[in-house]
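Hi,

Here is the structure I promised to pass on.

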Amino acid sequence: MATATVLALLVPLLALPAIAQETAVFSGTIFDPTGAPVGTGFKVVLKDVSSGAQYTATTDASGVYHIPVPVGGRYKLSGVSAPDGTNLPVQNIPPISAMVPGTQRLDVKFTQAAPAAGTAAATGTAAAAGTAAAAGTKPATPPPTTTTAANTPPPAEKEKKKSESAGKPWYKKPGPIVGIVLGAAAIAAIAIGSSGGCNDASPSQPGCQ
């Protein structure tokens with residue numbers, strides 16, 4: 001009789017639906033160096049700085065992503081990768097708290113600088129000229145460069161290399177790349193970080209849990 005009573009009390013409890021945890025959403029658009037949306041297949045990763053859990057989403061055809069996360073955590077944009085798996089470095093910003101349900105916007109605009117060509121050679125030549133001037137001597141004139149057919153690529157090869165470079169996606173072309181994080185949430189996080197607020201190194205600070 002007692003067993004039957006206990007079971008009768010447990011059955012309604014087991015039948016109750018699980019209480020859903022509230023979620024917040026990080027959403028944004030990923031832009032390439034020209035300012036155009038990157039398109040589909042770019043993976044965006046958010047990391048919970050307390051638990052280490054990662055939350056990911058991929059961009060749609062408009063370069064937009066949406067990442068639902070549990071409310072109450074602090075999340076850091078830890079990376080963006082191209083469809084082929086190429087890791088694209090992103091500006092480091094402090095973690096962003098998601099304390100209430102709602103959407104926080106985080107856009108990322110990638111920039112790509114042109115590769116520095118001949119900088120070292122130019123610097124070395126300038127340094128040599130400066131040293132010679134300081135010593136009161138005339139810098140030595142380098143011997144004329146002899147161009148031969150052996151070290152000059154044929155026009156067809158030049159065009160082939162140029163065509164191959166033009167056909168590569170922007171993140172495969174030479175030159176350093178960095179993603180600049182935009183959005184009100186990112187600006188607020190940077191402001192808090194610069195004023196001595198929450199950071200990864202001291203998550204136990206008041207209000208940082």
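Before the first finding, one term: a nonpolar patch here is built from residues with over 30% relative accessible area and no salt bridge, with nonpolar side chains joined within 5 Å. Bear in mind too that this is a predicted model.

By that rule, Val 178, Ile 180 and Leu 182 make up a nonpolar patch on the surface, and together they have about 190 Å² of accessible area. Leu 182 sits in strand β10. Is Leu 182 exposed, partly exposed or buried? Its relative accessible area is 37%, so Leu 182 counts as partly exposed.

Now for what β10 pairs with. Strand β10 (residues 177-182) runs antiparallel to β9, and six bridges join the two. Within that pairing, Val 108 has Val 181 as its bridge partner in β10. Strand β9 (residues 107-112) also pairs with strand β1 (residues 23-31), this time in the parallel sense and over two bridges. There, Ile 30 has Val 108 as its bridge partner in β9.

A word on confidence. The chain's average pLDDT is 76, and 58% of the residues score at least 70. Strand β3 (residues 54-58) has the highest confidence, with a mean of 98, while helix α2 (residues 119-134) has the lowest, with a mean of 49.

Cheers

Conventions:
Residues numbered from 1 in each chain as written. Predicted model: local features only at pLDDT ≥ 70, side-chain atom pairs only at ≥ 80, totals over all residues. Heavy atoms only, no water. pLDDT = per-residue confidence, 0-100. Helix = DSSP H or I, 4+ residues; strand = E, 2+ residues; numbered from the N terminus. Pairing = 2+ DSSP bridges. Patch = residues over 30% accessible without salt bridge, like charges linked within 9 Å, V, L, I, M, F, W, Y side chains within 5 Å. Areas by Shrake-Rupley, 256 points an atom, 1.4 Å probe, with all protein chains shown as cover. Salt bridge = Lys/Arg side-chain N within 4 Å of Asp/Glu carboxyl O. Buried < 20%, exposed > 50% of the residue type's maximum accessible area, 1.4 Å probe, protein only.
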